[in-house]
Amino acid sequence: VSPRTASLDLRFGYYLPAIDSEFADNGTGHTPYKDVMQESALYRGITIDWLVFSGFGELALGFGVAWWEQTGTGKSYDGSKTEDKTTMSVIPITLDASYRFTVLAEKFNFPLVPYGRIGLGYGLWWMTNGLDKVATYEDDKGNISTAQGGVAGLHWSAGLRLLLDVFEPQAARGFDMELGVNHSYLFVEFQRLSLNNFGGDKKALDLSDDIVQMGLAFDL
C-alpha cells in the first residue's frame, strides 16, 4: 500500500440559496428568487484535504470549491415577466478541518467510515442579464448597483463513506499500484452551508442552505 497523504472528494447535490428568507423575516412577503428562478439546481463540488494526524482515526485540513448556476426569466420594473433570461451563479469556497473514523475499516475491514467536517466558507455570486453581462440596477436617485458580490460564513457537514475496496480487493490493489489511490469510496453527506456574513449584515444575500450530497472519494 502506497503512503497516504491526502483525500479527494467529488460531490453532487441540489442547492437552493436562502435569498428569500430575509423578506420572510421582515414581513414583506416578497420572494424574488422564487419568482425568477423558481427552483433548486445541481451543485457540483470538489474537496481536497491533507492528512495531519493518523492514529485513532484521521484528522485532515483542506479546502473545497463548488459551482452552482440557475437560469430563470427576468422581470421588468413593473413586475411583469419578460422574455429575457437571467442567470445566477454561485461559487462557494470552503476551508475546513475534518475527522474520519477509520479504525474499524483499518482493523477489521469494516466498509463504513463516518466522518465530520467544519470550517469557514465564502460564496462568490453574480447575476447576468439577457445579454450575458453582469446585471445592473439604477434607482430613482441615479445610484447604480451591480449584481455581484461575496458572502462569508461557516459550514459543517456529517457523512458516511462506503469503502469499495472490500468488494473488489484485487482491483483496489491494482488501483493503488498504478495510480497511488489507497482506497475508493462512495459517500453520502449532509452539509449545512451558512453564508450570510455571520448574520451581521442585513444587506448581504443569504446564500445558506442544507444540502444532501453524494459522490466519490479517493484516499491518495
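Strands here are DSSP runs of E, at least two residues in length, numbered from the N terminus. I am working from a predicted model.

Entry 1, second largest cavity. I looked up which strands line this cavity, and strand 1 (6-15) and strand 2 each supply at least two residues. Strand 2 gives the largest share, 3 residues. I noted the lining as R4, T5, A6, S7, D49, W50, L51, E58, R100 and D219. By class, that lining divides into 3 nonpolar, 2 polar and 5 charged residues. The space inside is about 30 Å³.

Entry 2, largest cavity. I found 2 cavities of 30 Å³ or more, and the largest holds about 110 Å³. Its lining has 17 residues, with R11, Y43, T47, T94 and Q191 nearest the centre. Strand 2, strand 3, strand 4, strand 8 (148-163) and strand 9 each supply at least two residues to this lining. Strand 4 has the largest share, 4 residues. I sorted the lining of the largest cavity into 6 nonpolar, 7 polar and 4 charged residues.

The largest core has 20 residues, and Y15, Y43, W68, M88, V90, W125 and L207 touch the most other members. Helix 2 (32-36), strand 2 (41-55), strand 3 (57-75), strand 4 (81-100) and strand 9 (183-195) each give two or more residues to this core. Another core, of 7 residues, lies apart from it and includes A105, Y115, L163 and Y185.

I left aside neighbours within four places in sequence and listed the contacts of L207: Y15, P17, A18, I19, M88, V90, G123, W125, V151, L193 and L195.

Technical notes
Residues are numbered from 1 along each chain as its sequence is written. This is a predicted model: local features need pLDDT of at least 70, side-chain atom pairs count only at pLDDT 80 or more; totals for chains, interfaces and linings use all residues. Side-chain values use heavy atoms; hydrogens and water are left out. A nonpolar core is a set of buried Ala, Val, Leu, Ile, Met, Phe, Trp, Tyr and Cys residues joined through side-chain atoms within 4.5 Å. Buried means under 20% relative accessible area, exposed over 50%, partly exposed in between (1.4 Å probe, protein chains only). Contact means heavy atoms within 4.5 Å. On a 1 Å grid over the protein atoms alone, a cavity is a set of points where a 1.4 Å probe fits but cannot get out, and a pocket is an open set with protein on both sides within 12 Å along at least five of seven lines; lining residues have an atom within 4 Å of a point. Grid points are joined across faces, edges and corners, and a volume is the space filled by probe spheres set on the points. Ala, Val, Leu, Ile, Met, Phe, Trp, Tyr, Cys and Pro count as nonpolar, Asp, Glu, Lys and Arg as charged, and the others, Gly among them, as polar.
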